[in-house]
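Subject: Structure handover, salt bridges

Hello,

Here is the structure we discussed. Please keep it open while you read the notes under it.

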Amino acid sequence: MAAEIVNPRSDAGTDGADEPFDPAFALHRGGKMAVQATVPVRDKDDLSLAYTPGVAKVCSAIAEQPELVHDYTWTSNVVAVVTDGTAVLGLGDIGPSASLPVMEGKAILFKQFGGVDAVPLALATTSVDEIVETVKRLAPSFGGVNLEDISAPRCFEIERRLQDELDIPVFHDDQHGTAVVTLAALRNAAKLTNRTLGDLRAVISGAGAAGVAIAKFLLEAGIGDVSVADRKGIVSRDRDDLTPVKRELAELTNKANISGSLESALSGADVFIGVSGGTVPEPAVASMAPDSFVFAMANPNPEVHPDVAHKYAAVVATGRSDFPNQINNVLAFPGIFAGALQVRASRITEGMKIAAADALAAVVGDELSAEYVIPSPFDERVAPAVTAAVAAAARAEGVARR
């Protein structure tokens, strides 16, 4: 059934009091962003510097020394936010035009929380080859590429190919932003209960972009074990219906060699991470280990409602802003890109992402509690801490160019 649209033009100012006002449409009228000049053009002298003839000197210098483009254009601080509209929020494949409000939103979050300029690019193709080729051709205009709301498994190949073929950071936020914030919250939850990551066995519901990335990232960070479930149960080596991506995942995860349903895997597990939707039965949550963690991140309806999760878990997190411990990607991607651009990094490495997670966890500091294992996106300490950590990691890993 089509989504109900409630008076999309009701903010236009009619004299009919019977039409309810919808603030979402009012806010979006005309779009949420614009281009703004950073230099004045007040008279012919300004014009001759900002455009012809003065601009020709700068163009000629860049032609002779291409690296000067980072000093004399906005390239070094601008990110392309690229989508094909196939996996937009919880709406699914709604197409490029319908995705633009989300991409604009992403762009203004880059600016507000990271000081990074961003340009939404919604592409009218779902072909992996065409997306890769299009982004490659656009790349000279940007310092980085943020892939957004592209469905799995295509998103994995698109990101891999672009990172291999470009010398600027390429980052699929649905994968890695979610993974970074999840790791930060998990580190603090473990600290709160006097454990380490190595002590924990996690079960992830969802084998799409976020689920796969979280599993791999937690393994990189040293978690004890992690299993991933899709609609047919635990992704395990004994299944003969796995895609290549899930086959690789089966080889990397599930040391305990668990098979069967998500519910059976939760028995005795320390951590539940939900990135799939659906509902986990309460008895399955009750079967988890003492002092367990429930990170139910589906929006708007978490896989385990916090009221249920709090009966059994020591720490509960969701993807919603109206409950404590919101796992929100805006805590990660603005600072990660700001740090990468600051040092002109050629890519975003696993070490840079782990540094971002550690910095994010450290912001909580002595305020750590069951209701506060991850900071608010509006905590002004977040972006500077993540930016500095990512820049330092880029230098340590040899991918920084300044």
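The notes below cover the salt bridges and the exposure of the residues that form them.

Please bear in mind that this is a predicted model. The salt bridges in it number 26. Three of these pairs are described here.

D129 and R161 form a salt bridge in which the closest N and O atoms are 2.7 Å apart. This pair links distant parts of the chain, since D129 belongs to helix α6 (residues 128–138) and R161 to helix α7 (residues 154–165), 32 residues apart. D129 is partly exposed at 48% relative accessibility. R161, at 18%, counts as buried, because the cut-off for buried is under 20% relative accessible area.

R187 and D358 also meet through their side chains, with an N to O distance of 2.6 Å in the salt bridge. Here too the pair links distant parts of the chain: R187 is in helix α8 (residues 173–192), D358 is in helix α15 (residues 350–364), and 171 residues separate them. Both partners are partly exposed, R187 with a relative accessible area of 26% and D358 with 33%.

As for networks, salt bridges with shared partners join D129, K136, E157, R161 and E165 into one.

The last pair is K44 and D45, whose side chains form a salt bridge at 3.7 Å, N to O. K44 is exposed, its relative accessible area being 65%, whereas D45 is partly exposed at 46%.

Regards

How values were computed: Residues numbered from 1 in each chain as written. Predicted model: local features only at pLDDT ≥ 70, side-chain atom pairs only at ≥ 80, totals over all residues. Heavy atoms only, no water. Salt bridge = Lys/Arg side-chain N within 4 Å of Asp/Glu carboxyl O. Buried < 20%, exposed > 50% of the residue type's maximum accessible area, 1.4 Å probe, protein only. Helix = DSSP H or I, 4+ residues; strand = E, 2+ residues; numbered from the N terminus.
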